[in-house]
Amino acid sequence: MATTITKPDTLVGKRIKRKEDPRLITGTATYVDDIQMPGMHHACILRSPHAAARIRSINTHAAAGHPGVVAVFTGADVAGVGPVPCGASLPGLRVPHHSILAKDRVYFVGHPVAVVVARDRYIATDALDLIEVDYDVLPAVADPEKALAPGAPAVHPEWPDNIAFTYHQEGGEPDKAFAEAEVVVKQRITSQRLIPTAMETRGVVAEHRAGQLTIWSSTQIPHLMRTLVAMMLGVPENLLRVVTPEVGGGFGSKLNVYAEEALMGFVAMKIGKPVKWIESRRENYLCTIHGRGHVDYYEIAARKDGTVLGLKLKLIQDLGAYHQLLTPAIPTLSVLMMPGLYRFRNVSADIIGAFTNCVPTDAYRGAGRPEATHGVERMMDLLAVELKADPAEIRLKNFIGADEFPYATATGLSYDSGDYAKPLKKALDIVDYHHLRQEQARAKAAGRLMGVGLSTYGEICAFGPSPATPAGGWESATVKVEPTGKVTVMTGASPHGQGEETTFAQIAADELGVTMDDVTVIHGDTAVVQYGIGTFGSRGTAVGGPALYFAIQELKKKIVKFGAMLLDSDDVSFSGGLCVCNKSGKTVPLAAIAGASYRAMKLPAGEQPGMMATYFWEPPNFAFPFGAHIAVTEIDRDTGQVAIKRYVAVDDCGKIINPLLVDGQVHGGVVQGIGQALYEQAVYDDNGQLLTGELTDYAIPKASMVPWIESSHTETPSPVNPLGVKGVGEAGTIGCSPAVVNSVVDALSHLGVRHIDMPLTPERIWKLISAGGRA
């Protein structure tokens with residue numbers, strides 16, 4: 001088992017501003033749309049206006065003849081291009097063949113049908129209107145429960161129903177636990193479809209020159225994208241280069257290989273010119289994946305003293321019309337984490353994956369874990385209400401003990417480390433819980449609607465051991481000391497806001513005894529950086545960081561050998577950027593050692609010139625961060641508007657590399673959690689038309705809607721890696737929504753309100769208040 005590194009007076013652990021920020025806040029960063037090339041052409045995509053239809057015919061003659069248009073391609077032209085890949089694998093999984101352009105039918109609004117390539121984007125957009133498509137419109141289904149009903153329209157006619165897969169998992173003896181239970185609580189809980197809404201939409205630039213295809217894409221997984229797009233296009237992988245400039249927000253939505261990435265590669269090879277496609281916001285809402293989309297039926301079994309005995313879940317997952325890279329796998333993460341932080345020895349879960357005539361769901365910040373946490377945390381509150389118990393005491397009673405780790409869960413996981421009571425008790429102390437409840441009682445007596453909501457979450461992250469992942473769970477790093485002593489780090493992770501250009505520089509600077517300014521971190525270019533898996537699932541530092549650490553340890557061995565040669569000593573150590581002869585006290589600095597390694601006038605026995613090391617690190621387990629969030633809300637009786645008066649987040653992500661960056665990740669995650677709890681929902685009508693297809697219709701939190709977020713931390717190092725780190729990128733989102741919803745339900749509990757599904761819009765809350773809680 002790896003041990004945790006603890007070093008006094010190091011950069012690791014300090015609040016240091018991000019090295020990335022100056023270029024991002026001064027407008028000097030490069031996004032996909034900033035890329036300009038001689039002879040650049042522009043592509044626009046014709047998309048289906050119907051959720052389900054047969055394509056009788058397509059007439060592109062007028063568009064092709066429009067001045068400035070150089071090419072028009074349809075499904076018939078891309079018949080030789082492979083389908084959009086699905087990396088998930090489940091027994092009996094039905095995988096539709098999703099071509100990069102529709103051939104004979106469409107099955108969601110926004111389905112790409114044709115692409116126009118022109119000298120500029122405006123000409124291409126105008127030419128789209130000249131394409132004539134004869135559609136035979138078919139019935140559609142946009143609700144997952146309706147899609148499973150007998151007689152529902154078939155999203156894919158090759159199958160007799162809309163069931164993409166079923167999945168069952170259980171541990172312990174759930175039937176016995178429920179039979180012996182003194183209390184059983186049941187609840188239907190939804191986790192609505194969400195639209196990720198990255199600040200920058202997707203974009204692709206492709207150029208084919210001298211047999212080499214280069215694709216610039218705002219992807220989270222450049223190396224995996226290169227492999228999969230090469231397979232789709234049938235080009236040698238070593239003749240395809242993928243470059244990821246600034247991503248502009250991903251949140252999992254760019255953890256995919258999309259049709260447009262292969263399509264632009266195809267177009268560039270056909271026209272022999274560079275081509276650019278930039279997604280509009282409406283395209284982004286229609287065609288980039290959505291998140292969540294759960295309908296969950298929970299049952300919890302307990303004794304009258306509040307001890308939990310078992311948990312059952314029936315999960316209906318809205319998959320959308322086809323599978324993106326991880327679509328079917330996401331709900332299985334909900335099942336893995338359904339016990340939360342509690343001693344549920346007996347669990348049973350059934351997933352039904354339902355095809356609908358909607359854009360696919362896939363990974364969105366938290367990816368299955370927010371849904372699981374929301375479910376189990378709502379059920380713990382419902383149990384507390386049933387038993388007339390305090391929700392904090394119910395949680396403390398059922399937590400896995402700090403002395404029980406590693407802990408084997410009923411869903412087959414091994415939690416690495418934890419002290420779950422610690423962050424909850426800290427959060428309770430911060431809000432002065434006893435007095436807060438007294439204040440709430442006074443508010444209630446005065447007729448005010450004040451609520452207090454708790455959420456204690458755990459998550460699976462640092463994906464992860466390769467046997468448990470679709471594409472490998474390791475990560476890579478190369479560390480090079482240049483001849484002048486400067487340090488270059490090349491990471492296979494692909495950070496896009498997580499801050500690894502800063503945290504990896506902190507780690508490298510500490511280990512090599514240089515300054516952070518001496519360290520440059522490179523990522524996101526498959527022609528420069530060794531193969532890596534990418535950034536998602538809070539794995540950048542928790543998996544990429546240990547890869548960097550081990551690469552540095554390998555490099556240190558070489559540094560010591562060269563230092564010993566230069567010092568003419570067989571007893572040498574390296575520390576603080578110096579090799580020291582432990583006998584004479586003589587030293588030689590890292591820059592001199594590096595220079596000697598490249599000059600190579602003399603080499604240590606068995607050593608090669610140069611100063612570089614590469615390491616591929618395979619984690620032995622996932623990491624499991626945890627924490628406690630508390631939300632205090634007040635509701636306006638007249639409008640139903642929910643105001644979050646106080647929000648406290650106490651998170652434990654293991655050893656903290658940079659507290660400032662951790663706070664930033666938590667804050668961003670909490671805001672997205674508030675969005676789900678109170679505002680956001682992707683709404684389709686019965687015909688599969690997206691009614692929330694623009695920012696004018698899809699509500700996301702604005703700065704004025706967000707409370708001051710009080711962040712605090714506990715540190716429980718992970719034994720999985722030598723840095724002791726876990727992950728924090730998704731923690732705020734996972735812990736937030738149940739805290740907010742529990743608080744609002746608590747505020748309305750005296751009206752008989754037991755549960756409210758998200759989003760808790762003013763209209764929904766006002767109706768409940770007006771009906772006296774009976775709605």
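Predicted model: local features only at pLDDT ≥ 70, side-chain atom pairs only at ≥ 80, totals over all residues.
This briefing walks through the domains, the contact between two of them, the salt bridges and the cysteines. A search of the whole structure turns up 40 salt bridges and 0 disulfides.

**Domain layout**

**Where domain 1 meets domain 2**

- The contact draws on 16 residues from domain 1 and 17 residues from domain 2.
- The size of an interface is often expressed as the accessible area lost when the parts come together. Here, domain 1 and domain 2 bury about 1400 Å² between them, and carbon and sulfur atoms account for 54% of that area.
- Three residues deserve a look on the domain 1 side: H496, T526 and Y531 provide 42% of the area that domain 1 buries against domain 2, more than any other three residues.
- Polar contact links 10 residue pairs across this interface, both partners being at pLDDT 80 or more.
- Sorted by class, the side of domain 1 that touches domain 2 holds 6 nonpolar, 8 polar and 2 charged residues.
- The interface of domain 1 and domain 2 also has 2 salt bridges.

**Salt bridges to look up**

- Side chains of opposite charge can pair when their charged atoms come close.
- R241 pairs with D525 in a salt bridge, with 2.6 Å between the closest N and O atoms.
- R18 and D21 form another salt bridge, their closest N and O atoms being 2.7 Å apart. Both partners are partly exposed: R18 has a relative accessibility of 21%, and D21 has a relative accessible area of 24%.
- A further salt bridge joins D686 to K146, where the closest N and O atoms are 3.7 Å apart.

- A disulfide is a covalent bond between the sulfur atoms of two cysteines, and the count for the whole structure is 0.
- C287 is in no disulfide, and the nearest cysteine sulfur, in C358, is 12 Å away. C287 is also buried, at a relative accessible area of 5%.

Notes:
Residues numbered from 1 in each chain as written. Heavy atoms only, no water. Contact = heavy atoms within 4.5 Å. Buried area = accessible area lost by both parts, 1.4 Å probe. Salt bridge = Lys/Arg side-chain N within 4 Å of Asp/Glu carboxyl O. Polar contact = N/O pair within 3.5 Å; in protein donor to acceptor, adjacent residues only side chain to side chain. Nonpolar A, V, L, I, M, F, W, Y, C, P; charged D, E, K, R; others polar. Disulfide = S-S within 2.5 Å. Buried < 20%, exposed > 50% of the residue type's maximum accessible area, 1.4 Å probe, protein only.
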